[in-house]
Amino acid sequence: MSTPDLGGVVVATALPYREDASAPAGLAVDYDAYAAHCRWLVDNGCRGVGPNGSLGEYSSLTDEERRRVARTAIETVGDDGIVVVGVHGPGSHQAKYWAEVAAEDGADGLLCLPPTMYRANRGEVLAHFEAVASVGLPVMVYNNPIDTKVDLTPALLAEIAQIDNVVAVKEFSGDVRRVLEIREQAPDLDVISGADDVVLESLLMGATGWFAGFPNVFPAESVRLFDLARSGKLDEARALYEPLVAAFRWDSRTEFVQAIKLGMDLVGRYGGPCRPPRGPLTDEHREQVTADMRRALASLGVA
């Protein structure tokens, strides 16, 4: 039996809100706008979408909203792509619950951080992923040592890769040396680039996917970059990539959600506001994101 594939360009989707005084923080999830955004991403060549990630502000959602967001993505994409649902939780019982719900609703795969509010040790990390993987869907574990304070090192990933149904790692350490080391120590584990500003380097070293932020802004061009890199067309890939990197760097900064939503606004899509704890960009950050985006868009011929 072949290993389930969660590669390609899968977009960690931003979530639109509309003003509603009765909703949390005065912002209600706009499910119709979200469905339209998921459809637009797939229609522009993306392999699929990833609802309920950090970019989707999952931790600011009610349980009802969180499930409905995933369902909206699954129903919208249908058979035209894959939906990899974020099931992050403080403990394995919460993460497993969200995995079970995603399986019931028809998800193709799961994206899962280590415990999100606790610096788990090796045994606790393994137990966490074992619980999520026991649900039966393909699991992409997520290494984000910046936010979780837990580093899924290549040696630890070699152990995690032995868990049935764990098929990939979203690698967000920013250290592109990890790609080859993971492939050496866990050869059956697909390495997925998780940080936009090292995506070309990661793909050239053998990453097979891009779990992406800025393709919320320019999906077709991002798919073209991915395809060029995967087919070894380095000169063309670099020419496309280099003017985008200043914008892509925002994907690895604290204000990444606000920056990507502003990028969506700048290209005529709807990004809009964020729920707390995320506030609006400072004037300085807004000016810098706008300048970085203008450079990117000029290089793409859409300024």
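## Glutamate 57 and its surroundings

The backbone nitrogen of arginine 275 lies 3.0 Å from a polar atom of the side chain of glutamate 57, and the glutamate 57 side chain also makes a polar contact with the side chain of lysine 261 at 2.8 Å. A polar contact is a pair of N or O atoms within 3.5 Å, where within protein one must be able to donate a hydrogen and the other to accept it, and where residues adjacent in sequence count only if both atoms are side-chain atoms. The model is predicted, so that local features need pLDDT of at least 70 and side-chain atom pairs count only at pLDDT 80 or more, while totals for chains, interfaces and linings use all residues. Residues are numbered from 1 along each chain as its sequence is written, and side-chain values use heavy atoms, with hydrogens and water left out.

Glutamate 57 is placed in the loop between strand 4 (48-50) and helix 2; helices (H or I, at least four residues) and strands (E, at least two) are DSSP runs numbered from the N terminus. Glutamate 57 counts as buried because its relative accessibility is 0%, where buried means under 20% relative accessible area, exposed over 50% and partly exposed in between (1.4 Å probe, protein chains only). Leaving aside residues up to four places away in sequence, glutamate 57 touches Leu15, Tyr17, Val257, Lys261, Pro273, Cys274, Arg275 and Arg278, with contact meaning heavy atoms within 4.5 Å.

## The largest pocket

The largest pocket holds about 720 Å³ of space. On a 1 Å grid over the protein atoms alone, a pocket is an open set of points with protein on both sides within 12 Å along at least five of seven lines, a cavity is a set of points where a 1.4 Å probe fits but cannot get out, and lining residues have an atom within 4 Å of a point. Grid points are joined across faces, edges and corners, and a volume is the space filled by probe spheres set on the points.

Of the 36 residues that line the largest pocket, Ser54, Asn144, Asp147, Phe256 and Arg278 lie nearest its centre. Helix 5 gives the most to this lining, with three residues. The lining divides into 15 nonpolar, 14 polar and seven charged residues, with Ala, Val, Leu, Ile, Met, Phe, Trp, Tyr, Cys and Pro counted as nonpolar, Asp, Glu, Lys and Arg as charged, and the others, Gly among them, as polar.

## Enclosed cavities

The count comes to two cavities of 30 Å³ or more, and the largest cavity has a volume of about 60 Å³. Helix 3 gives the most to the lining of the largest cavity, with four residues, and by class that lining has six nonpolar, two polar and three charged residues.

The second largest cavity has a volume of about 50 Å³, and its lining divides into three nonpolar, four polar and two charged residues.

## Helix 4

Asparagine 121 caps the N-terminal end of helix 4, with a side-chain oxygen 3.2 Å from the backbone nitrogen of glycine 123. In helix 4, Val125, Leu126, His128, Phe129, Ala131, Val132 and Ala133 are buried, and the buried residues of this helix pack against helix 3, strand 6 (109-112), strand 7 (139-143), helix 6 (154-160) and strand 8 (166-171).
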